[in-house]
Amino acid sequence: MEEFLESWGALRAVVGGLAERDFERPSGCAGWLVRDLVCHLVIDAQDVLITLVTPAGTEPTADAARYWTVLDHPPTGEDPLDALIVRLAAAYGEPHLLTFHLDDLGSAAARAAELADQGLRVRTQDKVLTVADYLTAYVLEWTLHHLDLTAHLPHAAPPPPKGLARSRGLLEEIAGAAFPSSFTDRDALLVGTGRRAPTAAELAELGPRATGLPLFLG
């Protein structure tokens, strides 16, 4: 819970501090500008609200790691849903309308998470998991998108250290292997999810583990 709220709050704070021109910069997500990524975060906030009020009466079928699907190809931005995000973002027109909507829904999602029973089972994407596992999965979502948002904004604040560490641990669980201790949490996430290519030195340290990377998460 603490890491969910801290990661989400830090991400929204970066969005709130963006200059209007920053919305037209590229993000770390293929095919998306910063404005498109912010629009995606609005959809994320809606998903959190919907999931937290969608209880399930069955046993969990997934935990925080198994919430994620490993895709067999990198995102290109051309998927119909990804393309829809671009059109939705453009429809806002003025960036301040987009940030207002994110602040409104984002604050509500944070409050809903605080009020939710952590042991409650909820349903999302044809999976059943506890609220605690669902919110933990979203720490990875917030942290990766924080890195995406600030990929071309070098002066923006980075993700919180606790969120980076939790996200690294979750990615290692998904991968079934730990990253070398020489990797920072940030570099483990960037290299592990294909957001940047490993250096020759990093490839040597990864050794056989490199064959299973990167992991494209959906």
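A salt bridge is a side-chain nitrogen of Lys or Arg within 4 Å of a carboxyl oxygen of Asp or Glu. The model examined here is predicted: local features need pLDDT of at least 70, side-chain atom pairs count only at pLDDT 80 or more, and totals for chains, interfaces and linings use all residues. Residues are numbered from 1 along each chain as its sequence is written, and side-chain values use heavy atoms, with hydrogens and water left out.

Under the salt-bridge rule, the count comes to twelve. One of them brings together the side chains of Asp36 and Arg35 (3.7 Å, N to O). Asp36 counts as buried because its relative accessibility is 2%, whereas Arg35, at 23%, is partly exposed. Both residues belong to a network of salt bridges that also includes Glu24.

Asp22 and Arg25 form another salt bridge, with the closest N and O atoms 2.8 Å apart. Asp22 has a relative accessibility of 10% and so counts as buried; Arg25, at 32%, is partly exposed.

A further salt bridge joins the side chains of Asp185 and Arg168 (3.0 Å, N to O). This pair links distant parts of the chain, 17 residues apart: Asp185 lies in helix 7 (residues 185-192) and Arg168 in helix 6 (residues 161-175). Helices (H or I, at least four residues) and strands (E, at least two) are DSSP runs, numbered from the N terminus. Arg168 is buried at 11% relative accessibility, while Asp185 is partly exposed at 24%.

Strand 2 runs antiparallel to strand 3 (residues 127-130), and four bridges join them; two strands pair if DSSP finds at least two bridges between them. Thr130 is the bridge partner of Arg121. The two strands form a hairpin with two residues between them, and Gln125 in the turn has a positive phi of about 50 degrees.

Finally, the aromatic rings. Rings of Phe, Tyr and Trp (its six-membered ring) pair if their centres lie within 6.5 Å; planes under 30 degrees apart count as stacked, over 60 as edge-to-face and the rest as tilted. The whole structure holds eight aromatic pairs. Among them is the stacked pair of Phe179 and Phe183, at 6.2 Å centre to centre with 25 degrees between the planes. Both Phe179 and Phe183 are buried.

Terms used. Buried < 20%, exposed > 50% of the residue type's maximum accessible area, 1.4 Å probe, protein only.
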